[in-house]
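Dear colleague,

Please find below the structure that I am handing over to you, followed by a short account of what was found in it. I would be grateful if you could read the account alongside the coordinates.

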Amino acid sequence: MDGAGPQLDSIHIYPLKSAGGTAVGSARLEDKGLAGDRRMMVIDAGGVALTARTAPELLTISVQVDRDEIVLTAPGRAPLTIFLPSLLPMTGQASVWGDAVAALDGGDAAADWLAALLERPCRLALEHAGTKRQAGLPQGGPVSFADTAPLLLVNAASLAAVNAQLETPVDIARFRANLVVTGAAAFAEDSWESIRIGDVEFTVAGPCDRCVMITLDPESGAADPQREPLSLLVRHRRGADGKVYFGQFLVPRSRGRIFAGTPIEILSRKPPPELSGPPLVAPVSSLPAARPAPGGGRSELVLTCVGRVAETADMVSFRFEADRAFDYLPGQYLAILPEIDGEPVRRNYTISSSPSRPAHLSISVKRVPGGVVSNHLHNKLRVGDRLRAVGPGGKFHLGIVDAARPILMISAGSGITPMMSMLRYIADHNLDRDIRFHHSGRDGVDLPFRRELEVLQRQMAGRLSITWNATGRPARDIHAGRLDAAMLAAVAPDLTERAVLCCGPEGFRALVRDLHANWPVPVRGSYVEESFGGERVDARALPRIGRYDVTFVNSGRTATGEGARTLLDLARDRGIILQSDCEAGICGTCRCRIRSGQWQLAANCADPARNVLSDQEKQDGFVLACSTNPVGSVEVEL
């Protein structure tokens, strides 16, 4: 690539909806999209299209179309060949996202092959000349079995900005784009209105709303345990409608053929959509990457405790010697693996020491009421004790901000720990960095690391400014009260020029995000945050999901069983129609009210704070059916 501007890097066709795709060097454009793209789908016993949202095994299917033959393959299954001329129209209509469509029946052999793979009754439906469907966009026009529009475009630079904030980067295949663009700035596509690729012009019809699909491994269908990258996009790319957006829908204005490697001409532009959360920016690293563990991946350590330092009444720094040399970046974390009551437990803690001091490493642990691991460490871990750990991990470190830009570090609670690692590193290496550091605490007298920070401020005179605020007991020379816009302007009057690193509990991070996003003057620097202090509460204190008895009040139907089932699944099983777009607890489409009974968030929830619901809705008992597990006897207004 010569850097002359955006170009079409690759083209992808997905013959079977939700199955694997194929990269091609060129493709023919029809009114409804790329020839051969999403012209087949799997339907359930009721004729409704199945997707990888509920049938992730679909992602493991590969499809080859060879003239009049279709070949289906999947791991562990014999290939199946379907002869197109022998297929007949379905006796009934199939449906995709509520649209009834005529289709060809893939036959009994295909139905048996798919049913064995998906472990449910299903059939293969194929588009034919009589299949008609309109795009769900203001521009309208014909569309295949694709969700909303004929084509989807994704910018590789936008994915790079996402991956810069993820601990484990994701491949672009997660987003199932037809067209992948390179040579454009991150999220430049948000402002494109019309483009030309070769001889074909396209209308950029709007951003693509994202669902749980992007949390699934594109080869195995396995779900990411942290619900990434959806959880990250929830914090940075949520629209006013509650949906999360990444990529752009395209509608072709003409037919023709496009080729990979072709320059993309931007014909017209439009204002980008208004999205909540700080923008994602691909950072410029100022630090070398830590050397990988032997054999790749993270490595296991044996740590011996050599010291305990009480930082505050409820925070202790544990100093360790490791059984070998250990590389990490300032701000990264370790996963420690203690055994508590005979059960192995895993918990992440920031390394508060600096890699510039290799003789030891430290974690600084704040005691959490009900916290299993923090209380165990405070009460049990003594000098001489050993502890297993795995690491390092985390994308929140000093290297994620441009070395030439000044920084505002802002933290609360145990969020101060990565900041200490970074500040110690900067001081030890005498780096020429302009830093303002602000910490928010409850107690103005009992502040963590205060003496050391004052020493660092003297050592870095003219380069480091430190301020505090306290929401509880006040103290002299400390801002009193909760952080707000006026206080932030006082501690960082040049905020518009600074990259922001934020760490702390969710409520604090949400406050800082909101202040940064709504600053009265446009902010040039990036905003990056990390979450610590959210230690899980002892599971023994939570209701156990055993037997449930759900009454759907409006429909008069009931559901009884055991285990973790979402309200959405139970409603669907009983024929209750409830729309759900994301199926990950972010868009709010499936909101419903629980009249009585207990519930827990389901494992698929990508936004545990349920930000799409207002405080009043939460008080009134509203939940998101797609990510809510009933516990015991529950009444739901559905």
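Strand E1, spanning residues 7–13, is mostly covered, with six of its seven residues buried. Please bear in mind that the model is a predicted one.

E1 has antiparallel pairings with two strands. Four bridges link E1 to strand E16 (residues 179–182) in the antiparallel sense, and in this pairing Ile11 stands opposite Leu179 of E16. E1 also runs antiparallel to strand E2 (residues 22–24), to which three bridges join it; here Ile13 faces Thr22 of E2 as its opposite residue. In general, strands of a sheet pair through backbone hydrogen bonds, in either a parallel or an antiparallel manner.

A further part of the model concerns an open sheet. Six strands make up this sheet, in the order E29-E26-E31-E24-E25-E30, and their pairing is antiparallel. Strand E29 (347–350) and strand E30 (361–366) are the edge strands, each pairing on one side only. On average, neighbouring strands of this sheet are turned by 40° against each other, direction ignored.

Within the sheet, strand E25 (residues 315–322) and E30 pair in the antiparallel sense through six bridges. Met315 stands opposite Lys366 in E30.

Finally, which strands does helix H4 lie across? Helix H4 (residues 372–380) lies across strand E24 (299–312), E25, strand E26 (333–336), E29 and E30, and runs at about 115° to E30.

With kind regards

Terms used
Residues numbered from 1 in each chain as written. Predicted model: local features only at pLDDT ≥ 70, side-chain atom pairs only at ≥ 80, totals over all residues. Heavy atoms only, no water. Buried < 20%, exposed > 50% of the residue type's maximum accessible area, 1.4 Å probe, protein only. Pairing = 2+ DSSP bridges. Axes fitted to C-alpha atoms, helices over the stretch in contact; angles between N-to-C directions. Contact = heavy atoms within 4.5 Å.
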